[in-house]
Amino acid sequence: MVLEFIYTQPVKIFFGAGKFEGLGQILEELGLRRCVAVCDPFLREKLEALREKLPGICAVYSNIQPNPQLAGAAAVAALIREREADGVIGVGGGSTLDTAKFAAAIAHDGGTAEEYFRGLRPFPAAHIPVVTVPSTAGTGSEVTQVSVMSFGKEKKTINHPAFMPAAAVVDPLLTRSVPPRTTMITGLDALAHALEGYWSRNHQPISDQMAKEAVRLVLEHLENAWRDGSDLQARTGMSLAALLGGLAFALPKTAGSHACSYPLSEDYGLPHGEACAFTLDSFVRLNADERLETLCRQAGLSDAEELARRIAALKALGGLRTRLSELGAVDLDKLAHDCAVHPLMKNNPVPMDEAALRRMFEKLA
Ligand code: NAD
């Protein structure tokens with residue numbers, strides 16, 4: 001057997017219920033004294049309250065919306081310069097973490113946010129450290145070198161070492177307030193990361209192991225977290241699943257479902273996780289092979305068909321949209337074309353051209 005791979009994971013991870021309360025100590029340990037905190041609007045009060053015990057925070061920015069706009073990252077970068085901050089903390093969902101990561105990467109390099117977004121200026125090699133604190137269990141952004149930003153309607157995933165956080169503080173207690181529908185949407189995003197990292201053409205053994213465990217955890221805990229947000233065991237299982245899902249796709253990258261999620265979000269307004277879940281069961285059936293069957297058996301399922309049915313059942317439970325007819329007037333030709341040309345589609349193990357994608361979407365009419 002010839003086996004070769006490179007594995008790297010530079011983020012220091014602090015995991016456990018209550019870890020957020022110890023943020024001050026963690027900042028001290030990292031040598032950070034003047035951080036700009038970027039936080040989800042719903043967390044601002046909690047962060048302000050904690051600030052009394054947290055001298056390491058010099059400013060708080062909370063003007064964050066889902067599918068975050070580049071202008072937010074530019075505003076945070078300006079705040080970092082103005083306050084001469086030595087670090088950035090992102091506390092919130094993926095939208096908040098990605099804004100914090102983008103802002104820290106560009107703050108001290110002189111270009112405009114749009115120049116980096118468009119690839120007209122390279123990200124600098126050095127940047128101030130970022131500490132990520134996820135408040136949803138889904139994106140895995142706390143451990144990835146990915147930032148997803150939107151400029152107007154244009155949404156782009158940028159993968160660059162400049163976005164790698166220095167540390168992640170994963171506290172399942174923070175996720176208890178996530179409403180049921182968002183719990184389901186973000187949880188299925190974590191499942192998509194695990195499955196796509198596993199079947200990506202670039203998959204490798206260490207990522208595979210994390211993917212398998214993440215899938216098992218989602219199947220065990222997502223429904224419980226959706227039913228009862230205060231169930232700490234379920235929330236802990238999902239926070240771990242999201243973290244492992246992030247690690248599982250960080251190097252292999254995602255594939256078909258994520259490729260399709262971009263047109264579905266940009267043109268039909270689906271939140272990221274719902275857009276990924278829209279085609280996830282279809283891709284389970286399309287990509288089913290011996291490797292996927294093995295993962296399914298290890299996760300306690302009889303086969304890939306049962307996994308596809310479980311995903312469909314979870315989507316129905318969460319009230320997620322599953323048919324094109326629920327998205328308004330859909331331009332099927334454009335949708336199939338845009339999905340086919342998305343760079344992530346190249347990672348799908350089964351080649352999917354425009355015609356194959358059209359056939360897939362016709363079954364979801
Ligand atoms: P989000 O950050 O957009 O948040 C969704 C909603 O949930 C918001 O209204 C937010 O205020 C609310 N919310 C967050 N935490 C909450 C809590 N604890 N209690 C109550 N409400 C809460 O959603 P998300 O799914 O976490 O992130 C999605 C974004 O992340 C998208 O832009 C997506 O493209 C991106 N993403 C990034 C990566 C990466 O590796 N960087 C991976 C996947 C997705």
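What percentage of the 365 residues of the protein count as buried? The share is 56%, where buried means under 20% relative accessible area, exposed means over 50%, and partly exposed lies in between (1.4 Å probe, protein chains only). The model is predicted, so local features need pLDDT of at least 70 and side-chain atom pairs count only at pLDDT 80 or more, while totals for chains, interfaces and linings use all residues. Residues are numbered from 1 along each chain as its sequence is written, and side-chain values use heavy atoms, with hydrogens and water left out.

The protein contains 14 helices and 8 strands. Both are DSSP runs numbered from the N terminus: helices are H or I with at least four residues, and strands are E with at least two. The radius of gyration is 20 Å, close to the 21 Å that the globule rule gives for 365 residues, so the protein is as compact as a globular protein of that length. This radius is taken over C-alpha atoms, and the rule is 2.2 Å times the number of residues to the power 0.38. Along its principal axes, the C-alpha trace spans about 55 × 50 × 45 Å.

Contacts were counted between heavy atoms within 4.5 Å. Of the contacts with a separation of 6 or more, 75% join residues 24 or more positions apart. The protein exposes about 14,800 Å², and carbon and sulfur atoms supply 53% of that area. Accessible areas come from the Shrake-Rupley method with a 1.4 Å probe; for residues, only the protein chains shown count as cover. There are 37 positive and 43 negative side chains, and the centres of the two sets lie 1 Å apart. Lys and Arg count as positive and Asp and Glu as negative, without His or the chain ends. Each charge is placed at NZ of Lys, CZ of Arg, CG of Asp or CD of Glu.

Backbone angles came next. Most residues other than glycine have a negative phi. Glu 84 has a positive phi of about 50°. Glu 84 sits in the loop between α3 (70-82) and β4 (87-92), and is exposed at 64% relative accessibility. Lys 253 also has a positive phi, near 70°. The loop between α8 (232-250) and α9 (256-268) holds Lys 253, which is partly exposed at 34%.

The search of the whole structure found 0 disulfides, a disulfide being a pair of cysteine sulfur atoms within 2.5 Å. For Cys 276, the nearest cysteine sulfur is that of Cys 260, 9.5 Å away. Cys 276 is buried, with a relative accessible area of 0%. The sulfur of Cys 296 lies 19 Å from its closest cysteine sulfur, in Cys 276, which is too far for a bond. Cys 296 is buried too, at 0%.

Two further residues were examined. His 272 belongs to helix α10 (residues 272-287). Its C-alpha lies 6.7 Å from that of Ser 261, 11 residues away in sequence. Leaving aside neighbours within four places in sequence, the contacts of His 272 include Lys 155, Asp 189, His 193 and His 258. Met 352 lies in the loop between α13 (332-341) and α14 (354-362) and is buried at 8% relative accessibility. Not counting residues up to four places away in sequence, Met 352 touches Phe 283, Leu 286, Ala 340, Met 345, Leu 357 and Met 360.
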